[in-house]
Amino acid sequence: MPLDLQISLLGELRVSAAGAELPLPASRKARALLAFLAATGRPHRRERLCELLWDLPDDPKAALRWSLSKLRRVVDAPDRPRIVADRERVHFDTQNVEIDIRDIHAALRQDGDSLTPAALEIMAERLDRVLLDGLDGAGDAAFDAWLTSEREDAQAARAAVLRRLATHPEIAPAAAKKWQRLWRDADPADAAAHAAAAPATAPAQQDPAFSAKGPRAAAPASHESTRHPGPGDARGRALRAQRIGFCEVSDGTKIAYASVGSGPPLLKAANWLNHLEFDWASPIWGRSFAAIARGRTFIRYDERGCGLSDWDVDDLSFEAFVEDLEAVADKLELERFPLLGISQGCAVSIEYAVRHPQRVSGLVLLGGYAAGWRHLATPEEQARREAVLTLTEVGWGTDNPAYRHIFSQTFMPEASAEDLAWFDEFQRLTCSPRNAARFQDAFGYIDVRDRLAQVQAPALVLHSKYDQRIPLELGRAVASGIPNAHFVPLESRNHILVDYEPAWQDCVEAVGRFLAEQGI
């Protein structure tokens, strides 16, 4: 099937059809919008796009509508709309569209070792261009950060292409010298490590400066910063590789789900404060999800009312949360699988396991509880919680992160200042102030205490000993109520574990052992 469109993101943004370049809107913001939608290839909330590209005084919603109307004239055909939008999300349909940088990443990922020198040389020439040249400053700081990240990804791809050219057995010796020098300049540490490990070659085949003993040999790459890796690492690749889809629940709510990896499935029940688009790059969830996903098809979805799922929903109740999990499992036709529940996702997982014992092969429950605060809290504590609900509606969505910071510290009192600041902003991006208050209210009514004894699946229950949000005794009660559950207390004060604390490694290892022992 012939390609409908060709989109070049390397160099200045260009769109072509049938070999002819199409005129783009003069507006840099409209072009930046098209570039962002095409490069990411996934749905985005309208609010997120407005924040990325327009300041509040500019009437961002109207500016977004105007830009979409201009872009539709460029990319839509009468029988094939490319800009797909509803009242909450905007998506660019990339099916049968050539996108240069995306296709290069895919070729390196799938066919890297079998690419011909000619194909690699074409890639190298294209990757010499600055990605989205001229769009710096087209949006806010977050857009610039995204653009920087994408350019770093492109540079990582260029280094990978140069490496293949420099070491390709079909490249002539004279040409190999050129590619070796370019590779060394692009990634000196990798080039020097390869030269040190490779057997000695004839002078005609290797540039002397490329040798590990040469004057330009580089020191090994520093591993000083492993907390926040660049987009070229495994987490960046996972974000590009994840497959996002939507399913519809009986009440019409659209639930966004994503899967990544290959192997036996592991389904994570949604918990509050997740977002399919941002989780992989997060200092909070990124490395945890990468560890869980290793060797598996890892499936997540956004809770109704937050993330990429519908925000404007009438029903935010425990029953609705369970129905969302059922809808995702049914949509993906999962027959039997382990369930991962975190925080209130534990109760949702327990209820699902009781309703569908034939489908759940195991439960991994972290930081959970069987009954919400309305069932267990003292009158004084309930009054405090009610006050917090009001404060949430007032303070959640403001530019001042003071309220959200207090909230963050109860989740992760031992997290770094950098991670807390990230989590402050992440909260605002995941859901609206109104929904944030509604979630806290709904969690108070959760009660699956009478369902614990009915769980048939093997269960692993983990809980931080000094959890500031969900006390240890609530996690212990979950474990004692489930037949033959294994309970692992973790040496931490954090409700959400961070990957540089010892408890995180203990948790990952315990989960790995449990899944292996159960053969799931």
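Buried means under 20% relative accessible area. The views below are taken from a predicted model.

**View 1. Helix α8 and its buried alanines.** Helix α8 covers residues 188-197, and Ala189, Ala191, Ala192 and Ala195 in this helix are buried. Seen down the axis of α8, the buried residues fall within an arc of 165°, so they line one face of the helix. An α-helix has 3.6 residues a turn, so residues three or four places apart point the same way. The packing partner of the buried α8 residues is α7 (173-186).

**View 2. Helix α10 and the residue Gly295.** Helix α10 is made up of residues 286-293. Its buried residues are Gly286, Ser288, Phe289, Ala291 and Ala293. Gly295 follows α10 and has a positive phi, near 80°.

**View 3. The salt bridge between Arg89 and Asp310.** The structure holds 34 salt bridges. In one of them, the side chains of Arg89 and Asp310 meet at 2.7 Å, N to O. This pair links distant parts of the chain, 221 residues apart. Arg89 is in strand β6 (residues 89-92), while Asp310 is in the loop between β11 (297-301) and α11 (318-331). Both Arg89 and Asp310 are buried.

**View 4. The salt bridge between Asp136 and Arg151.** The side chains of Asp136 and Arg151 form a salt bridge of 2.6 Å, N to O. Asp136 lies in the loop between α5 (117-127) and α6 (141-167), and Arg151 lies in helix α6, so the pair ties together parts that are 15 residues apart in sequence. Asp136 has a relative accessible area of 44% and is partly exposed. Arg151, with a relative accessible area of 18%, is buried, because the cut-off for buried is under 20%.

**View 5. The salt bridge between Lys465 and Glu491.** A salt bridge of 2.4 Å, N to O, joins the side chains of Lys465 and Glu491. Lys465 is placed in the loop between β14 (459-464) and α18 (472-481), and Glu491 in the loop between β15 (486-490) and α19 (502-518), so the pair ties together parts that are 26 residues apart in sequence. The relative accessibility of Lys465 is 29%, and this residue counts as partly exposed.

Conventions
Residues numbered from 1 in each chain as written. Predicted model: local features only at pLDDT ≥ 70, side-chain atom pairs only at ≥ 80, totals over all residues. Heavy atoms only, no water. Buried < 20%, exposed > 50% of the residue type's maximum accessible area, 1.4 Å probe, protein only. Helix = DSSP H or I, 4+ residues; strand = E, 2+ residues; numbered from the N terminus. Arc of directions from axis to C-beta. Contact = heavy atoms within 4.5 Å. Salt bridge = Lys/Arg side-chain N within 4 Å of Asp/Glu carboxyl O.
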